[in-house]
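Work through the exercises below with the sequence and the structure at hand. Try each task before reading its solution.

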Amino acid sequence: MSFELTYELIAVLFAVAMIAGFIDAIAGGGGLITIPALMWAGLPPTAALATNKLQACGGSFFASLYFVRKGFVSLSKMKWSILCAFVGSALGTIAVQLIDTSVLQFLLPFLILAIGGYFLFSKKISEEDKQQLLTPTAFGFTAGLGVGFYDGFFGPGTGSFFALAFVSLAGYGLAKATAHAKVLNFSTNIASLIFFAIGGKVVWLLGLAMLVGQAIGATLGSRMVMTKGTKLIRPLVVIMSIAMSVKLLSDQYDVASWF
C-alpha cells in the first residue's frame, strides 16, 4: 500500500489519535489503535512506529503533567526509573532499526494480538497499595529498563506493562500505578523519538497533527483515571486488537486473492 499525505488523512488520524490518547491515559494500549491506523494509511512498519512515537509524546506528556500537578507522582523519587526507562527505550529503538522491515511486518500482527490477549485474560488489579517487592532503584534497573526496551522496539501496551509492574513489584494500587506509568511512558517516548528522528524515519507533519489530538484526548482521559472507565475500554481494546491483527494478516497474505 502506498502512502500519500492528504488533508483528509490527517483529519482521520487526528481523530484516531484523540481517541487513542483518551484510552491510553486511562487503561494504556493507545498504540494498539494508532500503529495499525498508521500502517493502514500506508506507512512502512518502521515509519509507522517512528511517527507513532512523535504523536504519543503529546498524550504521555499531558497525562504526566496532570498527575504531577495533582500530587500523584513525585519526580524526585522516580529519577532512576525515568533514566533507566529512557536508556532502555533508546536501545530498543536502535535495535528495531537494524532489523529487516519485512520481519517486523510479519511480527506486528502477532504482537498486537498477544497484547490484546493480555487485556482479555489479565486478572483484576486492586486499587489498594500492597507490599513493595523492589526498591525504586531496583525497579528502575529491572522493570524500567526492560519495559523501556520493549517500548523502543515495539511499543503498544507499554503503559499497561509499566502499570502492571508498579502493582506487582512496587506494590502500588491501580490509580497510583497508572499515574507513575505515564511518567515512565513519556520518558520512553522521548528517547525513542530522538533515535527514530536521527534515523530519518519520522513523518513529521502527520505526527505533529496526531500529537495535538493525543494531547486533547489524554487531558480528558487523565481526569477520569480514578473512575471505572477501564471496564468499558478493556473490551474495546481487545476487539480492536483482534480486528487489526486479522486485517494486517489478511493484507500480508493477500487473502482477497484466494477467492
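**Exercise 1.** Decide whether Asp151 is buried or exposed, then find its salt-bridge partner.

Solution. 
- Start with the cut-off: buried means under 20% relative accessible area.
- In this predicted model, Asp151 has 1% relative accessibility, so Asp151 counts as buried.
- Next, look for the partner. The side chain of Asp151 meets that of Lys53 in a salt bridge, 2.5 Å from N to O.
- Now test the partner. Lys53 is at 4% relative accessibility and therefore counts as buried.
- Lys53 sits in helix H3 and Asp151 in helix H6, 98 residues apart, so the bridge links distant parts of the chain.

**Exercise 2.** State how many salt bridges there are in total, and describe the one formed by Lys182.

Solution. 
- Lys182 pairs with Asp24, and their closest N and O atoms are 2.4 Å apart.
- Check burial. Lys182 is buried because its relative accessibility is 2%.
- Asp24, at 14%, counts as buried too.

**Exercise 3.** Describe the overall build: how many helices and strands does the protein have?

Solution. 
- Count the elements. There are 10 helices and zero strands.
- Read them along the sequence. The pattern is α-α-α-α-α-α-α-α-α-α.
- Turn to burial. Of the 259 residues in the protein, 50% are buried.
- Then consider the contacts with a separation of 6 or more. Residues 24 or more positions apart account for 84% of them.
- Finish with the surface. The protein exposes about 12000 Å², and carbon and sulfur atoms supply 71% of it.

**Exercise 4.** Find which residues of the largest nonpolar core touch the most other members, and which helix supplies the largest share of this core.

Solution. 
- The largest nonpolar core holds 33 residues.
- Leu13, Leu38, Leu43 and Leu206 touch the most other members.
- At least two residues of this core come from each of H1 (7-27), H2, H3 (45-69), H5 (101-121), H8 (174-198) and H9 (204-222).
- The largest share, seven residues, is that of H1.

**Exercise 5.** Locate Leu32 and decide whether Leu32 is buried or exposed. Then give the distance in space between Leu32 and Ser245.

Solution. 
- Leu32 is in helix H2, which covers residues 31-40.
- The relative accessible area of Leu32 is 0%, so Leu32 is buried.
- In sequence, Leu32 and Ser245 are 213 residues apart.
- In space, their C-alpha atoms are 9.8 Å apart.

**Exercise 6.** Name the residues of the nonpolar surface patch, and the helix that gives the most to the patch.

Solution. 
- The patch is formed by Trp80, Leu83, Val87, Leu91, Ile94, Leu98, Phe141 and Phe149.
- Together they have about 760 Å² of accessible area.
- Two elements give two or more residues to the patch: helix H4 (79-96) and helix H6 (136-153).
- H4 gives the most, with five residues.
- Take one member in detail. Phe149 is found in helix H6.
- Phe149 has a relative accessible area of 36%, so Phe149 is partly exposed.

**Exercise 7.** Determine how many disulfides the structure has, and whether Cys57 is buried or exposed.

Solution. 
- Recall what to look for: a disulfide is a covalent bond between the sulfur atoms of two cysteines.
- A search of the whole structure finds zero disulfides.
- Cys57 has 6% relative accessibility, so Cys57 counts as buried.
- Cys84, at 5%, counts as buried as well.

Methods:
Residues are numbered from 1 along each chain as its sequence is written. This is a predicted model: local features need pLDDT of at least 70, side-chain atom pairs count only at pLDDT 80 or more; totals for chains, interfaces and linings use all residues. Side-chain values use heavy atoms; hydrogens and water are left out. A disulfide is a pair of cysteine sulfur atoms within 2.5 Å. Buried means under 20% relative accessible area, exposed over 50%, partly exposed in between (1.4 Å probe, protein chains only). Helices (H or I, at least four residues) and strands (E, at least two) are DSSP runs, numbered from the N terminus. A nonpolar core is a set of buried Ala, Val, Leu, Ile, Met, Phe, Trp, Tyr and Cys residues joined through side-chain atoms within 4.5 Å. Patches are made of residues with over 30% relative accessible area and no salt bridge: like charges are joined within 9 Å, nonpolar side chains (Val, Leu, Ile, Met, Phe, Trp, Tyr) within 5 Å. Accessible areas come from the Shrake-Rupley method with a 1.4 Å probe; for residues, only the protein chains shown count as cover. A salt bridge is a side-chain nitrogen of Lys or Arg within 4 Å of a carboxyl oxygen of Asp or Glu. Contact means heavy atoms within 4.5 Å.
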